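I opened a new page for this protein.

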Amino acid sequence: MKKIILTLSIAFFITTNVYAAGSSSSGSSSTKTNYDKAVVHIKSAKKYEKKGKLEKAQKSYAKAQKLLIKSNERKPGKADTLNYLGFTTRKLGDFENGEKYYLQGLAIDPKHKGINEYLGELYVATNRHNLAVERLEVLEGCNCEEYDQLKAVIAGEKSKY
């Protein structure tokens with residue numbers, strides 16, 4: 001099912017870009033925000049990681065992080081942006097600043113599923129299991145993938161990301 005949705009999404013994206021490329025209006029390339037561009041880089045980085053291409057993944061995370069910083073400067077106070085800023089920063093090995101971004105995001109949206117999961121994973125990686133369990137408790141009852149993933153990481157499984 002995921003492959004079908006992904007295929008349809010790609011087909012739609014390609015079709016949309018073909019029409020945009022033929023447009024005479026200037027600025028069609030500026031329709032994507034820095035946040036949108038960053039998400040594309042993050043998805044690429046995750047794919048590279050799964051394939052063991054860690055150097056390429058790191059480059060994609062770094063590009064995403066730069067775009068997210070710009071996005072956050074332009075439109076501060078967005079939990080989704082802070083979530084991905086925390087994520088990319090953590091993936092680049094800077095746990096301290098990654099945690100700061102996550103905490104800023106939680107101040108805006110304390111129940112943000114992504115932030116709670118990723119911050120919990122950061123806590124596991126930095127040997128603060130008690131804090132990871134607190135993030136899991138926030139997610140409890142959400143019936144969501146983030147809860148299942150964090151629970152697995154706390155139990156000792158390797159993180160998906």
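**Notebook: burial and fold**

I looked up burial first: 34% of the 161 residues of the protein count as buried. Buried means under 20% relative accessible area, exposed means over 50%, and partly exposed lies in between (1.4 Å probe, protein chains only). This is a predicted model, in which local features need pLDDT of at least 70 and side-chain atom pairs count only at pLDDT 80 or more, while totals for chains, interfaces and linings use all residues. Residues are numbered from 1 along each chain as its sequence is written, and side-chain values use heavy atoms, with hydrogens and water left out.

Next I listed the elements. The protein has eight helices and zero strands. From the N terminus on, the order reads α-α-α-α-α-α-α-α. Helices (H or I, at least four residues) and strands (E, at least two) are DSSP runs, numbered from the N terminus.

**Entry: positive patch**

Which residues form a positive surface patch? I found K32, K37, K43, K47, K51, K53, K56, K66, K70, R74, K75 and K78. Helix α3 gives the most, with four residues.

Patch residues have over 30% relative accessible area and no salt bridge; like charges are joined within 9 Å, and nonpolar side chains (Val, Leu, Ile, Met, Phe, Trp, Tyr) within 5 Å. A salt bridge is a side-chain nitrogen of Lys or Arg within 4 Å of a carboxyl oxygen of Asp or Glu.

Is R74 buried or exposed? R74 counts as exposed because its relative accessibility is 67%.

**Entry: disulfide**

How many disulfides does a search of the whole structure find? It finds one. A disulfide here is a pair of cysteine sulfur atoms within 2.5 Å. C142 is joined to C144, S to S 1.8 Å. The torsion about the S-S bond of C142 and C144 is about -60°, so this disulfide is left-handed.

I checked the cover on each cysteine. C142 has a relative accessible area of 25%, so C142 is partly exposed. C144 has 8%, so C144 is buried.

**Entry: N130**

Last, I looked up N130. This residue lies in helix α7 (residues 129–139). N130 has 54% relative accessibility, so N130 counts as exposed. N130 and G120 are 10 residues apart in sequence. In space they are 9.4 Å apart, C-alpha to C-alpha.

Technical notes
Accessible areas come from the Shrake-Rupley method with a 1.4 Å probe; for residues, only the protein chains shown count as cover. Lys and Arg count as positive and Asp and Glu as negative; His and the chain ends are not counted. The place of a charge is taken as NZ of Lys, CZ of Arg, CG of Asp or CD of Glu.
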